[in-house]
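User: I would like to learn how to read a ligand shell and a strand in a model. Please show me the structure and take me through it.

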Amino acid sequence: MSRSPAPPSAASPAGIRIATGGTVLGGPAGQQVLGPLDLTLTERRIGIIGRNGSGKTTLLRLIAGLVAPVSGQVSIDGIDPARDRRAAVARIGILFQNPDHQILFPTVDEELAFGLHQLGHSKPAAAKAVQALLQAEGRADWAGRSTQALSQGQRQYLCLMAVLLMQPATILLDEPFAALDLPMRLRLARRLAALPQRLITISHDPEGLHSCDRLIWLEAGAVAADGPPAAVLPAFLAEMQRLGALEGDDPAAPVLPC
Ligand SMILES: Nc1ncnc2c1ncn2[C@@H]1O[C@H](COP(=O)(O)OP(=O)(O)OP(=O)(O)O)[C@@H](O)[C@H]1O
Ligand SMILES: [Mg+2]
């Protein structure tokens, strides 16, 4: 498939604009998960960091248009992703933190072809693209395989392939390497680094974040720091070390239980 990422139209502002009054999950009487945000994201590689429950996934879902803010607006290259779902699907790909929340179909081929059907590709064209992708990935034997018979890491990899196949201009990745083995991480990290698209990646791995153009640190639904990794990472790591020492029984204990 040779379709390149859809460029923003001349009339549309390029970039992601988030000017929201807050984001509540769990219904109108639910929990305020994100506070007011005012962010303009134009960089090509953006990382999002923060503690568990700080609102990282919710921020990605807000950008993808999967949750709406209580007030204000989100726009991606000029479109409102919550209102214009058709345009959003063509422009934004999201890899969920949990592949089981993403996978809809019983077989690998159907799962991969679904996004292409949504983009208007014919069934034979989508089937051909799926076959070519599996071949190129060295996963030709996955054709026709049950999605539920794949391991957790394989399911995550399948979801990532499905997103990449659609070639959206903006790709949102929620801990993309969490369940992958080391060779797969290295291979995918190289692959993602070479992509021309805008990538917004949530990660708990500081090593992979040094090369971001911009790093946003969320704390309790608000931006705690925002800037180049060289400025944000040292402060973040120092704070995480401090908190880890406070919560642990023994600050000198090894990080891994072995
Ligand atoms: N459907 C929901 N209804 C109510 N509250 C929710 C819902 N989903 C998430 N939350 C709450 O929103 C907060 C932020 O969740 P979110 O998943 O965005 O965090 P996160 O930073 O991605 O965490 P993690 O690192 O564990 O993935 C948490 O306190 C969580 O309990
Ligand atoms: Mg999360």
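User: Which helix gives the largest share of the shell around ligand 1?

Analyst: Helices (H or I, at least four residues) and strands (E, at least two) are DSSP runs numbered from the N terminus. Here H1 contributes three residues, the largest share. Strand E2 (31–34) and helix H1 (56–64) each supply at least two residues of that shell. This is a predicted model: local features need pLDDT of at least 70, side-chain atom pairs count only at pLDDT 80 or more, and totals for chains, interfaces and linings use all residues. Residues are numbered from 1 along each chain as its sequence is written, and chains are lettered from A and ligands numbered from 1 in the order in which they are written.

User: Which residues come nearest to ligand 1?

Analyst: A residue is near a molecule if its C-beta atom, placed from the backbone, lies within 6 Å of it. Of the 14 residues around ligand 1, the nearest are Gly26, Asn52, Lys56, Thr57 and Thr58.

User: Is strand E8 enclosed or open, and why?

Analyst: A residue is buried if 20 or more other C-beta atoms lie within 10 Å of its own, with C-beta atoms placed from the backbone. In E8 (residues 198–202) five of the five residues are buried, so the strand is largely enclosed by the rest of the structure.

User: Which strand does E8 join through five bridges?

Analyst: Two strands pair if DSSP finds at least two bridges between them. Strand E7 (residues 170–174) runs parallel to E8, with five bridges, and Leu173 stands opposite Thr201 in E8.

Note on methods
Buried ≥ 20, exposed ≤ 12 C-beta atoms within 10 Å, placed from the backbone.
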